[in-house]
Amino acid sequence: MLESLLAFAGAAVLIAMAPGPSTVVIMRQSMRSGRRAGLATVLGNETGVLLWGVAAAVGLSALLAASRLAFEGLRVAGAVVLVWFGVRALWHARRGGPAAAGAGEDLGAGSDAGAGGSGWRSYRLGLVTNFANPKAGVFAVSFLPQFVPEGWPVAAVLVGFSVLWALIDLVWYTAVVWLVGAARQVLGRPGVQRRLDQVSGVVLVGLGVRLAAEAR
């Protein structure tokens, strides 16, 4: 069991470090609204990781992997979400100025100066971003089971691996949020923010278009 656990942990670290839509959104929230909003976004993303893992344990992700209609529907919906986030980022980059809100404005992601509501809205942004990628479900059902030791209860081990996966993700993204927060004085300058908005917008639109265009 220990060998399987170490192998899974090593693979999960590499997966966490691979950049994707969640990385872009978490960094942007951290830059625009501070570490609290960034951490709330991380928690939302990790909730999504846990839910995908639990879905794999109970077989729902297997259904997603087997059903072309379900996969395609979620893929298109996810692509629309990513493109929408990207377009919002580009729109705010065009408007410029410190009053411009983040890509998650329509989900209510506002300034860190607000109270718990801002954290809740950032949390929802992270959760929606994670769910915007149907490959996470297919990945969960194809990645997690291969580390289950022979003879162990599959569902229980998959849930345990999902918790470990989320914790590894949490550590990595917390470090990302901290680094962005440390550089926020520089990144927070209006000119730099506009450039970062443009870059994150283009990246999110590109990821959305790629997701929409990819064959299963």
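Phe161 has a relative accessibility of 2% and therefore counts as buried, the cut-off being under 20%. In this predicted model, Phe8 also counts as buried, with 0% relative accessibility.

The structure holds 3 aromatic pairs. One of them joins Phe8 and Phe161 in a stacked arrangement. Phe8 belongs to helix H1 (residues 2-17) and Phe161 to helix H8 (residues 154-182), so this pair ties together parts that are 153 residues apart in sequence. Trp120 and Tyr123 form a stacked pair too, because their planes meet at 15° and stacking requires under 30 degrees. Both residues sit in helix H6 (residues 116-131), where a spacing of 3 residues separates Trp120 from Tyr123 by about one helical turn.

A pair of aromatic rings is described by the distance of the centres and the angle of the planes. The table gives these values for the two pairs named above.

| Pair | Centre to centre | Angle between planes |
|---|---|---|
| Phe8 and Phe161 | 4.5 Å | 15° |
| Trp120 and Tyr123 | 5.4 Å | 15° |

The fold around these pairs is helical: the secondary structure comprises 10 helices and 0 strands. Along the sequence the pattern reads α-α-α-α-α-α-α-α-α-α.

Contacts and surface complete the picture. Of the contacts between residues at least 6 apart in sequence, 80% join residues at least 24 apart. The protein has 216 residues, of which 44% count as buried.

Definitions and conventions. Residues are numbered from 1 along each chain as its sequence is written. This is a predicted model: local features need pLDDT of at least 70, side-chain atom pairs count only at pLDDT 80 or more; totals for chains, interfaces and linings use all residues. Side-chain values use heavy atoms; hydrogens and water are left out. Helices (H or I, at least four residues) and strands (E, at least two) are DSSP runs, numbered from the N terminus. Buried means under 20% relative accessible area, exposed over 50%, partly exposed in between (1.4 Å probe, protein chains only). Contact means heavy atoms within 4.5 Å. Rings of Phe, Tyr and Trp (its six-membered ring) pair if their centres lie within 6.5 Å; planes under 30 degrees apart count as stacked, over 60 as edge-to-face and the rest as tilted.
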